Amino acid sequence: MITPGEKLFSFLSKQPQLTQEAALHLHEHWQTQRRLRRGDFLCAPGKTEQHVWFVAEGVLRLYYPVEEEEVCVGFAYENNVLSSFPSYVRQQPSSFSIQALADCTVLGISRSDFQQARERWPGVALFWGDLLAFVLVGIIEREIEIATTTPETRYHNLLARAPHLFQLV
């Protein structure tokens, strides 16, 4: 059985921006492990995010609580990197939640350790930039989809884009 740390190292080793030395360094510092049960929160509104997380197993949803509703803005599953990015970057309380939809194991790297790695290793800074660009593209695509399609069409698009998500829940 592959450990969460081994999954993380495999993921980091496949990132083209990272040298083997940078991947090893990140792996050494990406060691905060949390196990979440279905329904547990990785991040809740009002908490300031201090980590970037790697999902070793499980599935999480990212959502904004709006009045009596929960507006889902995304999902994260095995081999995804996530954070409450606005809170992490601005160091302000989060306005959204990250909740486990199934039992999860996540590994985190602290903000200070990740910042030091980005300063020391140019490839880590490129990895971070590419990750943020990927997140931004996803947000733009989601906004376009929300503005131009029906909820039923969005559901079918999600089924086509990530069928494994429904098997994990």
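## Charged and aromatic side-chain contacts

Glu78 and Lys7 form a salt bridge in which the closest N and O atoms are 3.7 Å apart, a salt bridge being a side-chain nitrogen of Lys or Arg within 4 Å of a carboxyl oxygen of Asp or Glu. This pair links distant parts of the chain, with Glu78 in the loop between β5 (69–77) and β6 (81–82) and Lys7 in helix α1, 71 residues apart. The model is predicted, so local features need pLDDT of at least 70 and side-chain atom pairs count only at pLDDT 80 or more, while totals for chains, interfaces and linings use all residues. Residues are numbered from 1 along each chain as its sequence is written, and side-chain values use heavy atoms, with hydrogens and water left out.

**Salt bridges**

- A search of the whole structure finds 5 salt bridges, and Lys7, Glu57 and Glu78 are linked in a network of them.
- Lys7 and Glu57 meet through their side chains in a salt bridge of 4.0 Å, N to O. Lys7 lies in helix α1 (residues 4–13) and Glu57 in strand β3 (residues 51–57), so the pair ties together parts that are 50 residues apart in sequence. Helices (H or I, at least four residues) and strands (E, at least two) are DSSP runs, numbered from the N terminus.
- Lys7 counts as buried at 17% relative accessibility, whereas Glu57 is partly exposed at 31% and Glu78 is partly exposed at 38%. Buried means under 20% relative accessible area, exposed over 50%, and partly exposed in between, with a 1.4 Å probe and protein chains only.
- Glu145 and Arg142 also form a salt bridge between their side chains (3.9 Å, N to O), and both lie in helix α5 (residues 122–148), 3 residues apart, which is about one turn of the helix. Glu145 is buried, with a relative accessible area of 9%, while Arg142 is partly exposed, with 28%.

**Aromatic rings**

- The structure holds 7 aromatic pairs. Tyr64 and Phe96 form a tilted pair, 5.1 Å centre to centre with 50° between the planes. Rings of Phe, Tyr and Trp (its six-membered ring) pair if their centres lie within 6.5 Å, and planes under 30 degrees apart count as stacked, over 60 as edge-to-face and the rest as tilted.
- Tyr64 is partly exposed at 29% relative accessibility, whereas Phe96 is buried, with a relative accessible area of 6%.
- One aromatic cluster is formed by Trp30, Phe85, Tyr88, Phe114 and Trp128.

**Charges over rings**

- The charged end of Arg61 sits over the ring of Tyr63, 3.9 Å from its centre, where a charge sits over a ring if NZ of Lys or CZ of Arg is within 6 Å of the ring centre and within 35 degrees of the ring normal.
- Arg111 lies over the face of Tyr88, at 5.4 Å from the ring centre.

**Helix packing**

- The axes of α5 and helix α6 (residues 151–161) come within 10 Å and cross at roughly 145°. Axes are lines fitted to C-alpha atoms, for helices over the stretch in contact, and angles run from 0 to 180 degrees between N-to-C directions.
- Arg142, Glu145 and Ile146 of α5 make the contact with Arg154, Asn157 and Arg161 of α6, contact meaning heavy atoms within 4.5 Å.
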